[in-house]
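Thanks for coming. I will start with one residue, then a second one, and then go through the chain as a whole.

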Amino acid sequence: MASGPEKPLLRALAGERLSRPPWWLMRQAGRYLPEYRAIRSKAKDFVELCLTPALAAEVTLQPVRRYRMDGAILFSDILLVPHALGQKLTFREGEGPLLEPIANSSSIAGLDPGQIVPRLEPVFETICRVAESLGTQTALIGFAGAPWTVATYMVEGGSSRDFRQVKGWAYRDVEGFDALIGILVESTIKFLTAQIEAGAEVVQLFDTWAGVLPEAAFGRLVIEPTRSIVAALKQRFPGHPIIGFPRGAGLLYERYITETGVDGIGLDTMVPAGYARERLQPLATVQGNLDPILLITGGSLLETGVRDLRQLLGDGPFVFNLGHGVLPETPPENVQALARLLAEPIATT
Ligand code: CP3
């Protein structure tokens, strides 16, 4: 088997405590790196970059070459799933994603999960290429958006402030909206299964907008679909760890872990580390959650933030990460400083 339990990220996700926490960063590839911007300017658009294996593999490896993270996250995007389902997707410079919005249950009839694997073939090819170039220390991380978060973009037609359209539909027409979620559950299982078969050793589910739902809707739209995806993947690949990132889940983090069965839990910036240590770390490997702004400020603020997190979470299973993605304004040398800080054994006083 290609993936032995010896890679530090896999050991931590299996529940081991390591003296130096394994680390990777959400959005570790991207615009803060000059070598990313050079490749990005060569590709026609962002979707084409994601679907060109030679370029996507190169961009995946760029941060790992510089900083030797313990995880290489596939360069791709959560919105490739609606794209493969047949929804028109574009990215406009500085505006984020634009999709032709899906308004009601009659417009979901044309969405076909059977197209996911054939249309996203270049993504699996990218994974094969990256897997071949990674050493024995760095684990390959695949990912998908969780159904609720992907549905927000599909229904709102892009990013949203208050999620009026998608919540309105979800609350008003339970059966119709659950049909859309069902299509996304099936698509996500197919997408992640193919990623694991291509060589992804870990997968992460990004539920960026989990935190905008009240409790009952959180159970129905975040926990239930995630539980189905985790169950299907665990049945097929029992040894492959799954990380859930229900950003903003707050008091519902604990329920999310126990009811979905994830191995690792991504903590957003607002989760108090002391709370995570007491209540969440006994249930799953915790991953997080340095404020990405500290990676912009750097210096002693960064040092203190990293030290405090390691002191609070380093006694149990822990993967160091940010509480959300690396921001484009981040100076690359601050990521270098972070790599050096994480290489130091933890102070015992
Ligand atoms: O983490 C990584 O390095 C892997 C690559 C990755 C990207 N997007 C590349 C990307 C991952 C894991 C994602 C996930 C993603 N995409 C999420 C969930 C995580 C999160 O950040 O909350 C979401 C909500 C998206 C949808 C998306 N893609 C948006 C809203 C945007 C526009 C915002 C922006 O930063 O411009 C994107 C574009 C995008 N995805 C970029 C990158 C590097 C920037 C595009 C560019 O280079 O112009």
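**Two residues and the whole chain**

Thr208 is buried, as its relative accessible area is 14%; buried means under 20%, exposed over 50%, and partly exposed in between, with a 1.4 Å probe and protein chains only. Before going on, a note on what you are looking at. This is a predicted model, in which local features need pLDDT of at least 70, side-chain atom pairs count only at pLDDT 80 or more, and totals for chains, interfaces and linings use all residues. Residues are numbered from 1 along each chain as its sequence is written, and side-chain values use heavy atoms, with hydrogens and water left out.

Back to Thr208. This residue sits in the loop that runs between β5 (202–207) and α11 (215–236). Helices here are DSSP runs of H or I with at least four residues, strands are runs of E with at least two, and both are numbered from the N terminus. Which residues does Thr208 touch, not counting those up to four places away in sequence? They are Thr149, Phe245, Arg247 and His324, where contact means heavy atoms within 4.5 Å.

The second residue is Glu215, in helix α11. Its relative accessibility is 49%, so Glu215 counts as partly exposed. Neighbours within four places in sequence aside, Glu215 has contacts with Leu252 and Arg255. Ala249 is 34 residues away from Glu215 along the chain, and 9.5 Å separates their C-alpha atoms.

Now the chain. It has 16 helices and nine strands. The radius of gyration is 19 Å, close to the 20 Å that the globule rule gives for 349 residues, so the chain is as compact as a globular protein of that length. That radius is taken over C-alpha atoms, and the rule is 2.2 Å times the number of residues to the power 0.38. Along the principal axes, the C-alpha trace spans about 60 × 45 × 40 Å.

Of the 349 residues, 57% count as buried. Among contacts with a separation of 6 or more, 73% join residues 24 or more positions apart.

Last, confidence. pLDDT is the predictor's confidence in each residue, from 0 to 100. The mean for the protein chain is 96, with 98% of residues at 70 or more. Where is confidence lowest, and where is it highest? Strand β2 (residues 89–92) is lowest, at a mean of 92, and strand β6 (residues 242–246) is highest, at 99.
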